[in-house]
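Biologist: I would like to go through the salt bridges here. Can we take them one at a time?

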Amino acid sequence: NLFRARREVELIDQNIALMERFVEIARTRYVAGAATQSDVLRAEVERDGLRAQREAFARDVEIAESAVNVLLDRPVDAPLG
């Protein structure tokens, strides 16, 4: 579970970086008159949705790390490598 949760966070981070690029492209196209404001808003909403998903996956990482610590008979908040 820990590996899966960490991997999901990595993938979401990559997708957020791509969406940041899409947002900038949409803004540039909007300023140039080649796109509508709704295109910019749509890209921003998608990016913000990914950010919310990342927070959920980050919580999954914390839960999985706590579970590993419990199995190792360590404090639940002990750092893992």
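Modeller: What follows is a short exchange on salt bridges in this predicted model.

Biologist: How many salt bridges does the structure hold?

Modeller: A pair counts when a side-chain nitrogen of Lys or Arg lies within 4 Å of a carboxyl oxygen of Asp or Glu. By that rule, the number of salt bridges in the structure is 11.

Biologist: How many residues apart in sequence are the parts that E20 and R47 tie together?

Modeller: The side chains of E20 and R47 meet in a salt bridge, 3.7 Å from N to O. E20 lies in helix 1 (residues 2-32) and R47 in helix 2 (residues 37-71), so the pair joins parts whose separation in sequence is 27 residues.

Biologist: Is R47 buried or exposed?

Modeller: Buried means under 20% relative accessible area. R47 has 10%, so R47 counts as buried.

Biologist: What separates R27 and E24 along helix 1?

Modeller: R27 forms a salt bridge with E24, with the closest N and O atoms 3.1 Å apart. R27 is partly exposed at 33%, and E24 is partly exposed at 41%. The two are three residues apart in helix 1, so the separation is about one helical turn.

Biologist: Which residues are linked with R51 in a network of salt bridges?

Modeller: R51 and D48 meet in a salt bridge of 3.7 Å, N to O. They are three residues apart in helix 2. E20 and R47 also form a salt bridge. The residues linked with R51 in the network are E20, R47 and D48.

Definitions and conventions. Residues numbered from 1 in each chain as written. Predicted model: local features only at pLDDT ≥ 70, side-chain atom pairs only at ≥ 80, totals over all residues. Heavy atoms only, no water. Helix = DSSP H or I, 4+ residues; strand = E, 2+ residues; numbered from the N terminus. Buried < 20%, exposed > 50% of the residue type's maximum accessible area, 1.4 Å probe, protein only.
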